[in-house]
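This briefing describes one protein structure for a reader who is new to the subject. Please keep the sequence and the model in view while reading.

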Amino acid sequence: LVDDAAGDVVAPGVVVEIKMDGDDDAIEYLVGSIEERHETYDVLSTGSPLGQALLGHGPGEVVTYEGPRRAFQVEVVSVRPEM
């Protein structure tokens, strides 16, 4: 994990809360390497299409990424350092 993650934009080592287009419930992920394991959060790989699309974005921003069959929109709800 990156110890000096700023916590205001999506980067390795932060916890990002996102809402998928059409969903009411937000999901939290630890952004990092897929090899990492975490007791509390699922890990969102920075190499995945969603992980790459979210990098550098902050709360309130909506990003689009290409899924296997169509494009998806995701809203960044919050970003915070992993505790």
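This is a predicted model: local features need pLDDT of at least 70, side-chain atom pairs count only at pLDDT 80 or more; totals for chains, interfaces and linings use all residues.

In which strand is the place of Ser78? Ser78 lies in strand β5.

**Ser78 and its contacts**

- The side chains of Ser78 and Glu17 are joined by a polar contact of 2.9 Å.
- When neighbours within four places in sequence are left aside, Ser78 is in contact with Val15, Val16, Glu17 and Pro59.

**Strand β1 and its partners**

- Strand β1 covers residues 14-20 and is mostly covered, with 5 of its 7 residues buried.
- Strand β5, residues 71-81, is joined to β1 by 7 bridges, and the two strands run antiparallel.
- Within β5, Val79 is the bridge partner of Val16.
- Strand β2, residues 27-32, is joined to β1 by 4 bridges, and this pair also runs antiparallel.
- Glu28 in β2 stands opposite Glu17.
- A hairpin is formed by β1 and β2, with 6 residues between the two strands.
- In the turn of this hairpin, Gly22 has a positive phi of about 90°.

**The sheet as a whole**

- Strands of a sheet pair through backbone hydrogen bonds, in either a parallel or an antiparallel manner.
- Here, 5 strands form an open sheet in the order β3-β2-β1-β5-β4, and the pairing is mixed.
- The edge strands are β3 (42-45) and β4 (62-66), each of which pairs on one side only.
- On average, neighbouring strands of this sheet are turned by 45° against each other, direction ignored.

**The nonpolar core**

- The largest nonpolar core has 16 residues, and those touching the most other members are Val10, Val16, Ile18, Leu50, Leu54 and Val74.
- Two or more residues are given to this core by each of the elements β1, β2, α1 (49-54), β4 and β5.
- The element that gives the most is β1, with 4 residues.

**Val16 in its surroundings**

- Which residues is Val16 in contact with, leaving aside its neighbours within four places in sequence? They are Val10, Ile27, Glu28, Tyr29, Val31, Leu44, Val76, Ser78 and Val79.

Notes
Residues are numbered from 1 along each chain as its sequence is written. Side-chain values use heavy atoms; hydrogens and water are left out. Buried means under 20% relative accessible area, exposed over 50%, partly exposed in between (1.4 Å probe, protein chains only). Two strands pair if DSSP finds at least two bridges between them. Axes are lines fitted to C-alpha atoms, for helices over the stretch in contact, and angles run from 0 to 180 degrees between N-to-C directions. A nonpolar core is a set of buried Ala, Val, Leu, Ile, Met, Phe, Trp, Tyr and Cys residues joined through side-chain atoms within 4.5 Å. Contact means heavy atoms within 4.5 Å. A polar contact is a pair of N or O atoms within 3.5 Å; within protein, one must be able to donate a hydrogen and the other to accept it, and residues adjacent in sequence count only if both atoms are side-chain atoms.
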